[in-house]
Amino acid sequence: MLFIDSHCHLHDSRIISNIPGIASRAGTANVRYMVSCATMEENFELTAKLSKQFPSIIPCFGIHPWFVDSISQRWKDRLEHYLLAYPSGIGETGIDFTDKTADRDVQVKVFEHHFMLARELERPINIHIRNAWDTFIHMLKKMGKLKVPGLIHSYSGSADMIPIFEKYGLYISFSGSVTNPKAKKVARALKGVSKERFVLETDTPDIYPYLSEPEENRLNEPKNLPAIARIASSRMGMGFEEFATHAHNNSLALFHPILEKKKGRE
Ligand SMILES: [Zn+2]
C-alpha cells in the first residue's frame with residue numbers, strides 16, 4: 001500500500017535539519033510523495049531546494065493567508081518565477097478569518113491571484129480555508145471551475161458543503177484532526193465525501209495525530225500518514241486497504257500534472 005502526503009511543510013525551521021531522516025522514515029512507511037507547501041516568499045527557495053534534493057518531495061509555492069502582510073512589491077513575479085522554474089503546485093494559499101491580524105480584503109485579493117494562476121498555468125492548488133466558507137463559495141461562483149483541480153487542506157467545514165466543492169472539482173483533504181476522538185464534525189465530513197474525492201495529509205510539522213505511542217517532541221512527520229489513514233478509514237466505515245487505495249489514486253489524479261513534468265526532468 002502506498003501513500004501520498006498531500007500537504008506538509010518540510011521547510012519549517014523546527015524540522016529542517018532533520019529532513020534526510022524524515023524523508024527516509026517516510027519512505028519506509030510507504031509514503032511515496034510529500035507535497036511540501038511554501039508559505040511566504042522567504043521560504044520559496046528552501047522549498048525549491050528540498051524538491052531538487054529529494055525526488056519524493058513535490059513543491060508548492062504560495063502565500064499563506066496568515067502571511068499576506070509579508071508580501072514584497074515583487075511577490076507576483078517571484079511566485080510565477082518559481083512556478084515556471086519547477087514542476088510544482090500552487091499554495092499554501094487561501095482565506096482565514098479566524099486570523100485577526102491579516103487584512104481580509106488583502107487575503108481575498110492574494111488568494112484570487114493564486115486561483116487565477118492555477119487556471120492559467122494548469123497547476124493543482126493547495127487551499128487553506130478557516131471560518132471563511134461563505135466568502136470562498138462566493139469566490140468559486142465568481143471565478144468558476146478550475147481545469148486542473150485543487151484540494152481544501154485539513155478540511156474543517158461541514159459535511160453538507162462538500163457536494164458544492166466537489167461540483168467545482170475540488171478534493172477534500174483530511175489530516176490528523178480526524179484522529180481526535182472528540183472531532184465529530186470532521187467524522188461527519190468523512191462520511192459525506194465521495195470516494196473519488198478524498199485525499200490525506202499530515203500538515204507536518206503541525207496537527208500531531210492522536211497516536212497510541214506519541215513521540216515526546218510532538219512534531220508531526222509524513223511517516224504518520226498510514227496511522228492517520230487507519231483511523232480515518234474506520235471513522236468513515238471503509239476497509240483500510242480500500243480507503244488507502246482510493247486516497248492514493250485520488251492524490252495521483254490530483255497531482256498528475258506535476259508528476260508528469262517531474263518525470264520529464266528525471
Ligand atoms: Zn499547512
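This note goes through the fold, the backbone exceptions, the helix packing and the core of a predicted model.

1. Basis. The model is predicted, and local features need pLDDT of at least 70, side-chain atom pairs count only at pLDDT 80 or more, while totals for chains, interfaces and linings use all residues. Residue numbers start from 1 along each chain, following the sequence as written.

2. Secondary structure and overall dimensions. The protein chain holds nine helices and eight strands; these are DSSP runs numbered from the N terminus, with helices being H or I of at least four residues and strands E of at least two. For 266 residues a compact globule would have a radius of gyration near 18 Å, and the protein chain agrees with 17 Å. That radius is taken over C-alpha atoms, and the globule rule is 2.2 Å times the number of residues to the power 0.38. Along the principal axes, the C-alpha atoms fill a box of roughly 45 × 40 × 35 Å.

3. Of the 266 residues, 45% are buried. A residue is buried if 20 or more other C-beta atoms, placed from the backbone, lie within 10 Å of its own, exposed if 12 or fewer, and partly exposed in between. Among contacts with a separation of 6 or more, 75% join residues 24 or more positions apart; a contact requires C-beta atoms, placed from the backbone, within 7 Å.

4. Cis peptide bonds. Most residues other than glycine have a negative phi, and most peptide bonds are trans. The bond from G91 to E92 is cis, with omega near 10 degrees, and E92 is found in strand β4 (residues 89-96). The bond from T204 to P205 is also cis, with omega near 5 degrees; P205 is in the loop between β8 (198-200) and α8 (225-236).

5. Positive phi. E122, not a glycine, has a positive phi of about 55 degrees. E122 is in the loop between α4 (104-121) and β5 (125-130) and is exposed, with 11 other C-beta atoms within 10 Å. D203, also not a glycine, has a positive phi of about 60 degrees. D203 is in the loop between β8 and α8, but counts as buried, with 23 C-beta neighbours inside 10 Å.

6. α7 against α8. The axes of α7 (residues 184-192) and α8 come within 8 Å and cross at roughly 75 degrees, which makes the two helices roughly perpendicular. Axes are lines fitted to C-alpha atoms, for helices over the stretch in contact, and angles run from 0 to 180 degrees between N-to-C directions. Angles of 65 to 115 degrees count as roughly perpendicular, under 35 as roughly parallel, over 145 as roughly antiparallel and the rest as oblique. A187, L190 and K191 in α7 meet A232, R235 and M236 in α8.

7. α8 against α9. These helices pack at about 110 degrees with axes 9 Å apart, so α8 is roughly perpendicular to α9. A229, R230, A232, S233 and M236 in α8 meet F240, F243, A244 and A247 in α9.

8. Core. The largest nonpolar core has 65 residues, of which M34, I172, L200, A229 and A232 touch the most other members. The largest share of this core, six residues, comes from helix α9 (residues 240-265). Such a core is a set of buried Ala, Val, Leu, Ile, Met, Phe, Trp, Tyr and Cys residues joined through C-beta atoms within 7 Å. Leaving out residues up to four places away in sequence, A232 touches F174, V178, L190, L200 and F243.

Notes:
Contact = placed C-beta atoms within 7 Å.
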